[in-house]
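Please look over the sequence and the 3D model below. Then read on with both in view.

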Amino acid sequence: MQKIETLASWIEQSDNIVFFGGAGTSTESGIPDFRSAAGLYQTEQHSPYPPEVMLSRSFFVKMPDIFFDFYRSKMLHPDAKPNGCHRLLAKLEAMGKLKAVVTQNIDGLHQKAGSKEVLELHGSVHRNYCMDCRRFFGLEQVMASKHVVPRCPYCQGIIKPDVVLYEEALDQQVLISSMDAITHADLLIVGGTSLTVHPAAELVSYFEGSRSVLLNMDPTPYDRKASLMMNDKIGEVMDQVSGLLGI
Ligand SMILES: [Zn+2]
C-alpha cells in the first residue's frame with residue numbers, strides 16, 4: 001500500500017489522534033523557519049546578532065527596539081493562511097478523532113483553521129501583555145503601534161509578546177497537558193519538526209501507542225522509531241489524505 005493510503009487508513013481506524021508539529025507545518029503557508037528568516041535579517045540589516053541572541057529574554061530587556069524591529073519584519077505574518085495540514089487537523093478534531101494539536105509554532109494558524117485544542121509550547125503572537133499592568137492585547141495592538149516598541153495605552157508599559165524567548169521557561173501547564181495528550185494517543189503524527197529543539201524529542205518519547213507517523217523534509221533523530229516515515233511536503237500530503245478520506 002502507498003504510504004499516504006496507509007496514513008489515511010490509520011486515521012480512519014483511530015479515535016485518539018495527537019499531532020505534534022513544528023516550523024515545517026507552516027512553511028507551505030509562507031512562513032519561513034525563524035532560523036532562516038533570522039539569517040536573512042542578519043544579512044539585510046548587517047546585524048551582528050544571531051537569532052538565539054535577538055530572541056532571548058536579556059536581549060529583549062536590553063534592546064527592545066532591535067528585538068521588535070526583527071520581530072515585526074520576520075516573525076509576524078498576519079496575512080498567512082492555513083494549509084492542507086492545518087485544515088485536515090481541524091476537521092479531524094471536529095469529527096472527534098483528534099484530541100490535541102501540540103505545536104512549537106507561534107503563528108496561530110491551527111486556530112485560524114478551526115482547531116480548538118491547541119497546546120502552544122512556545123506561546124502565540126496573538127497574545128501580548130503589558131509588562132507593568134499585565135493587561136492583555138491582541139496582535140492588532142502590536143501591529144497598530146506607531147512606535148517600534150509597542151506601549152500600553154493605559155500605563156505606557158512595554159507590551160511583550162506572549163511567546164517563549166530563549167532563557168525563558170515553558171508554561172508548565174501546557175507542557176503537562178502535552179505530555180498527557182501524547183501519552184494517551186493511539187496515533188501520533190509528528191510533522192514539520194526536526195525534533196532537535198528541547199523539549200520536542202522528550203515529548204515524543206512519551207508516546208506509548210503502536211502507530212506513529214513522521215512527516216518531515218529532513219532526517220530527524222526519531223526516523224528509526226517511527227512506524228511510517230515520509231519526506232514530503234506536509235500540506236500536500238494532508239490534502240491528499242483529506243481527499244482519500246472524503247472529508
Ligand atoms: Zn499597562
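This is a predicted model: local features need pLDDT of at least 70, side-chain atom pairs count only at pLDDT 80 or more; totals for chains, interfaces and linings use all residues.

Residues are numbered from 1 along each chain as its sequence is written, and side-chain values use heavy atoms, with hydrogens and water left out.

## The zinc site

Start with the metal. Cys130, Cys133, Cys152 and Cys155 coordinate the zinc ion through their SG atoms, at 2.3 Å. Donors here are N, O and S atoms within 2.8 Å of the metal (3.2 Å for Na, K and Ca); water is not among the atoms, so sites may look incomplete. The angles among the four donor atoms run from 94 to 120°, and the site is tetrahedral. For four donors, that label requires all angles to lie between 85 and 135 degrees.

Along the sequence, the donor residues follow the spacing C-x2-C-x18-C-x2-C. Cys133 and Cys152 link distant parts of the chain, 19 residues apart. Cys133 sits in the loop between β4 (123–130) and β5 (136–137). Cys152 sits in the loop between α8 (139–144) and β6 (159–163). Helices (H or I, at least four residues) and strands (E, at least two) are DSSP runs, numbered from the N terminus.

Are these two residues buried or exposed? Cys133 is partly exposed, at 29% relative accessible area. Cys152 is buried, at 0%. Buried means under 20% relative accessible area, exposed over 50%, and partly exposed in between (1.4 Å probe, protein chains only).

## Helix α11 and its neighbours

Now turn to α11. This helix has 12 residues and reaches 16 Å from its first C-alpha to its last, close to the 16 Å expected at 1.5 Å a residue. The expected span is 1.5 Å times one less than the number of residues.

Its buried residues are Ile234, Gly235, Val237, Met238, Val241, Ser242 and Leu245. They lie on the same side of α11, because they cover an arc of only 160° around the axis. The arc is that of the directions from the helix axis to the C-beta atoms.

What do they pack against? Their partners are α1 (3–13), β1 (17–21), α6, β7 (187–191), β8 (211–215) and β9 (228–230). Contact means heavy atoms within 4.5 Å. Gly246 follows α11 and has a positive phi, near 65°.

The buried residues of α1 include Ile4, Leu7 and Trp10. Among the elements that cover the buried residues of α1 are α6, β7 and α11.

## Salt bridges

How many salt bridges does a search of the whole structure find? The search finds six. A salt bridge is a side-chain nitrogen of Lys or Arg within 4 Å of a carboxyl oxygen of Asp or Glu.

Arg87 is partly exposed, at 38% relative accessibility. Asp239 is partly exposed too, at 40%.

Glu120 is buried, at 11%, while Arg127 is partly exposed, at 33%.

Lys160 is buried, at 2%. Salt bridges that share partners join Arg57, Lys160 and Glu168 into one network.

Methods:
Four donors count as tetrahedral if all angles lie between 85 and 135 degrees; four count as square planar and six as octahedral if opposite donors are over 155 degrees apart and all others between 65 and 115; anything else is irregular.
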